[in-house]
Amino acid sequence: MNQTGGRRGRDNGGDSSVPNTAHTGSGAGAPAVRRMQPDDADAVAQVLTRAFAPPPGAKPAGLRVLISNRMAARWQAQCAGAWVVDAPGFGPVGAAFAVVEPDVGWIGGLGVHPAYRGLGVGRALTTAALEFLDDAGCAVIGLEASPSDGVALSAYARRGLRPVDVTLRLRADAAALATSGVAAEFQIRPLPTAAARDGPEPVRPGGSRIAPTAAPDAREARVALQALAVPLSDAAFTAVGPGAYLVCDPQSVPVGEVLEARLGFLGRDGHPVAAACHALGRMAVARKSRYVELDLPVGSGAALPALSRLGLQTVLSTVRLARPAAAYGRRTEDGVDVGRWSL
């Protein structure tokens, strides 16, 4: 989910979910941040739904507007870290999550209720997440933000986060994609649950999956390790086919309209890309999903023309930021990365 910013808003605009006068404390210090708890899920879902909603009169850019309490609870349980800021006597008015992958840590799902923006809530949450990721020893720390949110981009720049790439969210009608060409043969596998090749590793905080056995391909091993860190629903699965290794999730949004290729890679050649996408369309139709979605960092987007010819259209773009920017590496081998740094 994209990061949100904005100007201070004290009037709740008739929204009964917040007090008429929004404040985070009686003093002038920074808002207090605490670790998110399981019983925060309902309140966090409501806050993030408001935080990620488009402004009044604006056309939604995608389907991810309603955040369910089940999604908030899953993010809290499976992410390496999760925090909230409370309004006195009210409860959470902002939230943030942190994911620690093998080669990068990132902040996702950072949102502040519109009535509380400009009061330092987002800044306090960002500080907590950055300190956590620094303490975790992440060589690269990243997040994604809206390219139109100049306030947030300036704030992140002051924290040393610099633009390094752009991520495009691509969407296609599942039925059209399924019937427009020959599909590759994919093996559907469960998510990794086996012990690591060098011995068992601790289960990530709140999670149930542990590190996988060695994959035959180094890229597959990397994606498998990513899948251990990124929040995924119980319906998520691995799809392996010629020139493609994808972690798919048909319940990444609560309405169940999307089969999302959440992580993985596609081969660069146009024909395997097309066959893999046709297969994704058929998987989506079989699961009664209306759309297929994937996120493509432009820096590894050599397959973008082929994807466009298949009818995948850009519905959202986000700026990818990293600290230190020089340490961010584009993976430019024979596989095109699929995935993003936001929830």
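Visitor: What makes β9 a mostly covered strand?

Guide: In this predicted model, six of the six residues of β9 are buried. Buried means under 20% relative accessible area, so each of these residues falls below that cut-off.

Visitor: Which residues point each way from β9?

Guide: Ala244, Leu246 and Cys248 point one way, while Tyr245, Val247 and Asp249 point the other way, and all are buried. In a regular strand, side chains alternate between the two faces of the sheet.

Visitor: Why are β8 and β9 said to pair?

Guide: Two strands pair if there are at least two bridges between them. Strand β8 (residues 237-241) and β9 have five bridges, in the antiparallel sense, and therefore count as paired. One of the bridge partners in β9 is cysteine 248, which faces phenylalanine 237. Two residues lie between the strands of this hairpin, where glycine 243 takes a positive phi near 70 degrees.

Visitor: How do you know that β9 also pairs with β10?

Guide: Six bridges join β9 to β10, and at least two are needed, so these antiparallel strands pair as well. Valine 247 stands opposite leucine 263 in β10.

Visitor: What covers the buried residues of α1?

Guide: The cover includes α2, β2, β3 and β4 (105-112). Among the buried residues of α1 are Val44, Leu48 and Phe52.

How values were computed:
Residues are numbered from 1 along each chain as its sequence is written. This is a predicted model: local features need pLDDT of at least 70, side-chain atom pairs count only at pLDDT 80 or more; totals for chains, interfaces and linings use all residues. Side-chain values use heavy atoms; hydrogens and water are left out. Buried means under 20% relative accessible area, exposed over 50%, partly exposed in between (1.4 Å probe, protein chains only). Helices (H or I, at least four residues) and strands (E, at least two) are DSSP runs, numbered from the N terminus. Contact means heavy atoms within 4.5 Å.
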